[in-house]
Amino acid sequence: MSPEPLLIFETRTRGLKRRELQKYAWELLRNLAPGRSYCALVTGDEELRRLNNEFRGQDYATDVLSFPSDSPAGSLGDIAISVDRAAAQAAEHGHDTPTEIQILLLHGLLHLLGHDHETDKGLMRRLEAKWRRKLGLPTGLIERSGRKRGKQ
């Protein structure tokens, strides 16, 4: 059996078609990390706040967290996504919640692959933009945060 992405849904989300998100998770894996696997938890703000506090010492809910694995050949690691943050960000940016979850999943997977937009001189931003275009996704997280700081 080949490695596969595992999606765990702890929260129901209006308009979220689980099979479509699973297909998208497979597409990401095939294109970005063939032969590897990862797990993504789709949950709410309460759980993201708990995880953010426990692992990063930040006592607030965030949209996505990535927990890379130490294994060079096994699972890439785990991703946690807040449906609540995704819904708020989707409304703010004019698209639906499932699309925002796709953006967050891409962002989280890039982190699992070792990219860090805070230290890599724009490499992750460029990769995220490239894959968003290929996947037909709107503006991503890194570009949005750059705009808020006044960058182009």
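Start with Phe 9: its bridge partner in strand 2 is Val 42. Residues are counted from 1 along each chain as its sequence is written, and helices (H or I, at least four residues) and strands (E, at least two) are DSSP runs numbered from the N terminus. You're looking at a predicted model, where local features need pLDDT of at least 70, side-chain atom pairs count only at pLDDT 80 or more, and totals for chains, interfaces and linings use all residues; side-chain values use heavy atoms, leaving out hydrogens and water.

Next, select residues 37-43, which are strand 2; 5 bridges join strand 2 to strand 1, and the two run parallel. Strands count as paired if DSSP finds at least two bridges between them.

Now show the whole sheet: it is open, with 4 strands in the order 1-2-4-3 and mixed pairing. Which strands stand at the edges? Pick 5-9 (strand 1) and 64-68 (strand 3): each has a single partner strand, so one side of each lacks a neighbour in the sheet.

Finally, click Leu 21. Not counting residues up to four places away in sequence, Leu 21 touches Leu 7, Phe 9, Leu 16, Val 42, Ile 101, Gln 102 and Leu 105.

One last stop is confidence: pLDDT (the predictor's confidence in each residue, from 0 to 100) averages 88 over the protein, with 93% of residues at 70 or more. Select 148-152, though, and the pLDDT is below 50.

Conventions
Contact means heavy atoms within 4.5 Å.
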